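Student: I would like to learn how to read a structure, one feature at a time. Please give me the general idea and then the case at hand.

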Protein chains: 2
Amino acid sequence: MSDPMQRAFEQAEAAARRGEVPVGAVVVTAEGQVLAEAGNQTEELTDPTAHAEMLAIRAATRLRNSPRLPDCDLYVTLEPCAMCAAAISFARLRRVIFAAYDPKGGGIEHGPRFFAQPTCHHAPEVIGGIEESRAGDLLKRFFAARRG
Amino acid sequence: MSDPMQRAFEQAEAAARRGEVPVGAVVVTAEGQVLAEAGNQTEELTDPTAHAEMLAIRAATRLRNSPRLPDCDLYVTLEPCAMCAAAISFARLRRVIFAAYDPKGGGIEHGPRFFAQPTCHHAPEVIGGIEESRAGDLLKRFFAARRG
């Protein structure tokens, strides 16, 4: 597995330990440098927009002092929702690499298919299904434990 | 014009004076109390996700100490994009009232039509086109001045 996806999984696992839905995201430059990484924090921040992708993108644009990251890639353990897909587009990210597909809430390969819409002004390259079963297992264990 | 939409316009006009794309948003309780209001701050915060709606929703959930606002309505001067529509849904807002339609970037009546997707788990009541020409004029003046 690529190092950035490994780090995204570590962020997801840390989120699970905090009682958050286990999703992690990492923003990496073209040279492979990690600019920002985050796990889901919707519970901790009482913020329904605090998905891992949003937090990582916001941290990266702050660091760069630019709202656009055209040389950067986002690694994330779950297919981004429409909110995060739109944020990825606004930030002009070059590439999105995600692990598990999300038929219930995904916004790239499911539902709104944001990047395929005429109202999407920048579509990154998308690579889905990397380490899909690991990401799926992590989510299943988390929700099973919460129901238990 | 309703008071909350008037306040949303004041936020939009203040955003224009700061050099931001003029969009304003207000979160109001069922009793008509303004919980939070914001103008677009993408430039000032170097944050591509800092749309007026996102900032107002985040401020309201922080104030309420709850990620959900099921008794609240959002007034906004422009049709929300897919990012903001998804955030509105995650926050379980009761109603969205917007002014100008946005054929180029809107995500409710255009493009992804987020609330109509099977992956959308909460769709608010939507009222569009309130004070449409005032909102359109504000945006047109802003972009004409930037090109000029």
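Student: What is the mean pLDDT of chain A?

Tutor: pLDDT is the predictor's confidence in each residue, from 0 to 100. Where it is low, the predicted coordinates should not be read in detail. For chain A the mean is 95, and 98% of its residues reach 70 or more. The model scores ipTM 0.95 and pTM 0.96.

Student: How many residues does helix 4 of chain A have, and what span does it reach?

Tutor: Helices (H or I, at least four residues) and strands (E, at least two) are DSSP runs, numbered from the N terminus. The expected span of a helix is 1.5 Å times one less than its number of residues. Helix 4 of chain A, residues 132-147, has 16 residues and reaches 23 Å from its first C-alpha to its last, close to the expected 22 Å.

Student: Which residues of helix 4 of chain A are buried?

Tutor: Buried means under 20% relative accessible area, exposed over 50%, and partly exposed in between (1.4 Å probe, protein chains only). In helix 4 of chain A the buried residues are A:Ala135, A:Gly136, A:Leu138, A:Leu139 and A:Phe142. They cover an arc of only 160° around the axis, which puts them on the same side of helix 4 of chain A; the arc is that of the directions from the helix axis to the C-beta atoms. The face turned away from this buried side carries exposed residues, including A:Lys140 and A:Arg141. The buried residues of helix 4 pack against helix 1, strand 3 and strand 4 of chain A, where contact means heavy atoms within 4.5 Å.

Student: In what sense do strand 3 and strand 4 of chain B pair?

Tutor: Two strands pair if DSSP finds at least two bridges between them. Strand 3 (residues 72-78) and strand 4 of chain B pair in the parallel sense over five bridges. B:Leu78 has B:Ala100 of strand 4 as its bridge partner. Between these strands the chain crosses through helix 3 (residues 82-90) of chain B, and this β-α-β crossover is right-handed: with the strands pointing away from the viewer, the path from the first strand over the helix to the second runs clockwise.

Student: Why is strand 4 of chain B said to be largely enclosed?

Tutor: Five of its six residues are buried, so strand 4 of chain B is largely enclosed by the rest of the structure. In helix 3 of chain B, eight of the nine residues are buried, so this helix is largely enclosed as well.

Student: Are A:Thr46 and B:Asn65 buried or exposed?

Tutor: A:Thr46 is buried, with a relative accessible area of 12%, whereas B:Asn65 is exposed, at 60%. A:Thr46 has a positive phi of about 50° although it is not a glycine, and B:Asn65, also not a glycine, has a positive phi of about 55°.

Conventions. Residues are numbered from 1 along each chain as its sequence is written. Chains are lettered from A and ligands numbered from 1 in the order in which they are written. This is a predicted model: local features need pLDDT of at least 70, side-chain atom pairs count only at pLDDT 80 or more; totals for chains, interfaces and linings use all residues. Side-chain values use heavy atoms; hydrogens and water are left out.
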